[in-house]
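Have a look at the picture, then read on.

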Amino acid sequence: MEEEFHIGHRIKEYIDSHGIKLQWLSRQLHCHRNTLYNLFERNWIDSDVLMKLSLLQKHDFFEEFSEEYKQKLELKRAKTKLHKNFST
């Protein structure tokens, strides 16, 4: 089964792998750490929050997630084409 893309988990992985402290990040975003924990559990994120995270980390999360989307879309198209070829 295909792994579900989870944006909150991906952001948390990035933060952990780059040694970013949640206390620092919460101060920069003017929010409580619990808000960040909630964000990591969500499978969606507001674009303005994603923009703030991207600017703070100097990392284009939009591009990263766009690439993930494109890969999944191509895979889905390939599966659909393969299914059509076998159905006819």
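## A contact to start with

The side chain of E68 makes a polar contact with the side chain of R10, at 3.1 Å. (A polar contact is a pair of N or O atoms within 3.5 Å; within protein, one must be able to donate a hydrogen and the other to accept it, and residues adjacent in sequence count only if both atoms are side-chain atoms.) Keep in mind that this is a predicted model, where local features need pLDDT of at least 70, side-chain atom pairs count only at pLDDT 80 or more, and totals for chains, interfaces and linings use all residues. Residues are numbered from 1 along each chain as its sequence is written, and side-chain values use heavy atoms, with hydrogens and water left out.

E68 sits in helix α5, residues 61–87. (Helices are DSSP runs of H or I with at least four residues, strands are runs of E with at least two, and both are numbered from the N terminus.) Is E68 buried or exposed? With a relative accessible area of 19%, E68 is buried. (Buried means under 20% relative accessible area, exposed over 50%, and partly exposed in between, using a 1.4 Å probe and protein chains only.) Leaving out residues up to four places away in sequence, E68 touches F5 and R10; contact here means heavy atoms within 4.5 Å.

K79 is in helix α5 too, and is partly exposed at 47% relative accessible area.

Now for helix α3, residues 33–41, where L36, L39 and F40 are buried. They cover an arc of only 100° around the axis, so they end up on the same side of α3. (The arc is that of the directions from the helix axis to the C-beta atoms.) An α-helix has 3.6 residues a turn, so residues three or four places apart point the same way.

What do the buried residues of α3 pack against? Their partners are α1 (7–17), α2 (22–29) and α4 (47–57).

## Inside α2

In α2, the buried residues are L22, L25, S26 and L29. These also cover an arc of only 100° around the axis, which puts them on the same side of α2. They pack against α1, α3 and α4.

Zoom in on S26, which has a relative accessible area of 7%. Not counting residues up to four places away in sequence, S26 touches C31, H32, R33 and L36. Just after α2, H30 takes a positive phi of about 55°.

## How the helices cross

α2 and α3 pack at an angle of about 100°, with their axes 9 Å apart. (Axes are lines fitted to C-alpha atoms, for helices over the stretch in contact, and angles run from 0 to 180 degrees between N-to-C directions.) That makes α2 roughly perpendicular to α3. (Angles under 35 degrees count as roughly parallel, over 145 as roughly antiparallel, 65 to 115 as roughly perpendicular and the rest as oblique.) L22, Q23, L25, S26 and L29 of α2 meet R33, L36, Y37 and F40 of α3.

α1 and α3 pack at about 125°, with axes 6 Å apart, and are therefore oblique to each other. Here G8, H9, I11, K12 and I15 of α1 make the contact with L39, F40 and E41 of α3.
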